[in-house]
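Biologist: Hi! I'm new to this one, could you show it to me and walk me through it?

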Amino acid sequence: MNYKSLIITALVLLMTVTANAAPKPNGFTMTRGVNISHWLSQSSVRGDRRAEYFTRKDVEFIASLGFDHIRFPIDEEQMFDEQGNKEHEAFALLHNALKWCAELKLRAVVDLHILRSHHFNAAQKPLFTQASAQEQFYECWRKISGELKKYPLNMVAYELMNEPVADDPEIWNVIVNRCAEAVRKLEPRRTIIIGSNRWQGYETVKDLRVPDNDPNIIISFHYYNPFLLTHYRASWTDNKLYTGPVHYPGKPIADEDIASLPQDIADKFKWSNKQTYNIEKIESDFLQVLQVANNKGLKVYCGEYGCIDNAPEEDALRWFRDMNTLFDRHGIARAVWDYKGGFGIIKKGVTQWPMIEALTKKD
């Protein structure tokens, strides 16, 4: 064999190895889902009460409604003790839930919701300032991967962290890309979901940097606009100060209602009647996300959207119908917040059938 033939053979071999090494789509797909809140996240309940909160019957019910996946928020403090040891009872509950999903042909998103070093509404977030907190974040995912890597690639996806809130989006970009790299060393083809900075707002997706040339990345955003409707009178927000009517579609607070408020309250909420919310406005917000994702050749996931049970029912239902129409129109996977909490499709034990119909009806 002459030198020319050797060179050609070497190039062919190199191209073959490179092609084989390139990541391939793993078959994970989802359309509409439900968040299981206040179970393995944001709850102090343990023992039998925690186990009874979410059972196989709940998974059967969710599947019967036409949902195809469940998002499972989990908190570091539930899954690991302060020394980083796995809490076996919590992982047993998660394994049970994933087993039920597999039996009922549902996919699952495991979402690391709150870290000891990062809560989306906390004033101090050591994750963004302490290298040790960042390493602990990566180690959480090494351990979660060790537990969950046995599940099929087309069934379980990992959402690295919920609603990051960094002062500088590049701080989040550096941390989340390092976390993705840690997971990729263990699971080269698992679906990884990465959310944008500032509570996963649609407007910050443009600032998000994700790993290149990885088809098993999904970009995530959350959508709760208009906030005065979706969080009407929510006790943990300034919305609790406004008890007058809210509207959808249209201006969340009508001009005449703003005018009737005490001046200090009017000043706080007058921004709300400068923006009209309707299906066209929401679509324009979604298109900002889709443009970024399309440029990267990636899919989009709205991991949270919903309306608190205080919201006026007919306005909320109109909002849900518009959201569902747009999700279907643009092929956006989504998971409603939540199952049976304050935003739930079950509220105080009562199934919300009009809401479920708005969420599941196909155009």
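Modeller: Happy to! Bear in mind that this is a predicted model. Let's begin with glycine 297, which follows helix H12 and has a positive phi, near 70°.

Biologist: And what's at the start of H12?

Modeller: There, a side-chain oxygen of asparagine 278 comes to within 3.1 Å of the backbone nitrogen of glutamate 280.

Biologist: How far apart are the end C-alpha atoms of H12?

Modeller: They are 26 Å apart. That agrees with expectation, because the 18 residues of H12, 279–296, should span 26 Å at 1.5 Å a residue.

Biologist: Which residues of H12 are buried?

Modeller: Among them are Ile282, Phe286, Val289, Leu290 and Ala293. Lys281, Glu283 and Asp285 are buried too.

Biologist: What do the buried residues of H12 pack against?

Modeller: Their partners are strand E6 (217–222), strand E7 (299–304) and helix H13 (313–330).

Biologist: Switching topic: what's the volume of the largest pocket?

Modeller: About 980 Å³. It is lined by 37 residues, and the closest to its centre are Glu163, Trp199, Tyr224, Phe227 and His231. Helices H8 (197–200), H9 (227–230) and H11 (263–269) each give two or more residues to that lining.

Biologist: How does that lining split by class?

Modeller: The largest pocket's lining has 16 nonpolar, 15 polar and six charged residues.

Biologist: And what about the second largest pocket?

Modeller: Its volume is about 210 Å³. The residues lining this second pocket include Phe128, Asp167, Ile171 and Arg198. By class, its lining has six nonpolar, three polar and three charged residues.

Definitions and conventions. Residues numbered from 1 in each chain as written. Predicted model: local features only at pLDDT ≥ 70, side-chain atom pairs only at ≥ 80, totals over all residues. Heavy atoms only, no water. 1 Å grid on protein atoms, 1.4 Å probe; cavity = no way out; pocket = protein on both sides within 12 Å on 5 of 7 lines; lining within 4 Å. Points joined across faces, edges and corners; volume = space filled by probe spheres on them. Helix = DSSP H or I, 4+ residues; strand = E, 2+ residues; numbered from the N terminus. Nonpolar A, V, L, I, M, F, W, Y, C, P; charged D, E, K, R; others polar. Expected span 1.5 Å × (residues − 1). Buried < 20%, exposed > 50% of the residue type's maximum accessible area, 1.4 Å probe, protein only. Contact = heavy atoms within 4.5 Å. Polar contact = N/O pair within 3.5 Å; in protein donor to acceptor, adjacent residues only side chain to side chain.
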